[in-house]
Amino acid sequence: MAANAMALAEEVGAATYAPLELRYAAEQLDQALQVQESGDTAQARRLLEQSLVNSDLAVAKSRLGRTREAVQVQAAANARLRSDGAAPADTP
Amino acid sequence: MSRALLVVLALLLAACGSAPRRDLDYDRLHASLDALAADPELARLALAERALAEAAVRRLDASSINANEHVQLSYLAERRVDIAYIAAQTERERARLEALQREHASLLLDASRRETAAMRAELDRQRQRELLRQEDAQRGALISPPASVTAGPAVAVPPPSTAPAPSPPPAATIAPLTSAPVASASDADAERTSVPAPGAVAPTPAVTGATVAPAESGASTLAQRLAALVPEYGADGRQMTLEDLVFEPGTATFAAEAPIGIARVAAWLAAEPTLGVRIAGHTDATGSPEANRNLSLRRAEAVRDALVERGVAPSRIAVTGEGAAVPVASNDDAAGRARNRRVVVRLGGGA
């Protein structure tokens, strides 16, 4: 589950928009696997939970970043159209 | 004494038992969630993420027994609260994006409408030009005179030697000014043949055939007609008439072929350097009288300026703008209107 969450985070662009959270999630996932091999299942569970929540946070930040960028692009396009519309028409 | 001590101890124990537990992490996260719920913009957004955050904070509230578990739950709850905030902000941005996309569609629609209107206007202008060309062709067909009228023999005012030829137009045959129906004293028969007496039945300038002499074909070009421009007798004496196509439609700007006709008029006037010149602009009856007077005056002035450039003394020239007041044909049809739009240059008037 934590691995799926991290794959989703990578898919939505977390490497760009939330690199820190993505790195935490990856490190915690690796540590969880190592700790699990050593037999400390409680600590492994805690690390998996932390990896999961960091992946979710990375996904949320990525979606916010992408949406804000889209808003900026759209606002600029609208401003161009408005200025084109405000320009005086060619006189015959 | 021991009883009093026991009472004090009991009171202390009771005080410890009823004191509120202080968990700073819980308090901070709980307050943060309360602030999110009270935010007027974000309160109604991302409710699922907020519910997850509230659940995480509640688990933190119940985890005071195990310190390790408390740290873990605090870590998770803090990030769930962050996620709730970010998700709410994302939804708000999405709503803003949707509004911008709707506005974009509206702006595109407006731009499309403007483009359509501009195209329609351009098509109207082209249609208008085509209509004017058709009127020109119809008028050319109407005013094409019989060859016998234009080929009047031995009319000789002014003499060819005194009338410098204008620069020849492309593919246009230049008629000599001597073919004008202004008769010499020695050729009265010819004068009677080609020049009607004032007050005669059909002496309108455009119909006499004296103004335009295409001869071979009614569908002659403007350049050909201007190259064949000759003087005629009008009600007020000798005159030359420039047709409306000498100007761009609705303006006092000369068409490309106009210099051909202007040169013909200038040559004619040069042969009579002592006489005054009266230039009258005329329009058809379309549009307001004021606009028509203005346009006719500006066209007359444009002709005057062009003649002055070709050496005609400005002191000889008087200009008037008659508007639609002096029609030579009916304004009810295109051909008549085209004939009414003209500039007449008369000899014998002047400033």
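This is a predicted model: local features need pLDDT of at least 70, side-chain atom pairs count only at pLDDT 80 or more; totals for chains, interfaces and linings use all residues.
Local features need pLDDT of at least 70 and side-chain atom pairs count only at pLDDT 80 or more, while totals for chains, interfaces and linings use all residues. Residues are numbered from 1 along each chain as its sequence is written, and chains are lettered from A in the order in which they are written.

**View 1. The largest nonpolar core has 40 residues.** Such a core is a set of buried Ala, Val, Leu, Ile, Met, Phe, Trp, Tyr and Cys residues joined through C-beta atoms within 7 Å; buried means 20 or more other C-beta atoms within 10 Å of a residue's own. Among the members that touch the most others are A:A9, A:A58 and B:V57. Helix 4 of chain B gives the most, ten residues (helices: DSSP runs of H or I, at least four residues; strands: E, at least two).

**View 2. Strand 2 of chain B (residues 237–243) is largely enclosed.** Six of its seven residues are buried, so the rest of the structure largely surrounds this strand. Five bridges pair strand 2 with strand 5 of chain B (residues 342–347), antiparallel (pairing: at least two DSSP bridges). There, B:M240 has B:V345 as its bridge partner.

Notes
A residue is buried if 20 or more other C-beta atoms lie within 10 Å of its own, exposed if 12 or fewer, and partly exposed in between; C-beta atoms are placed from the backbone.
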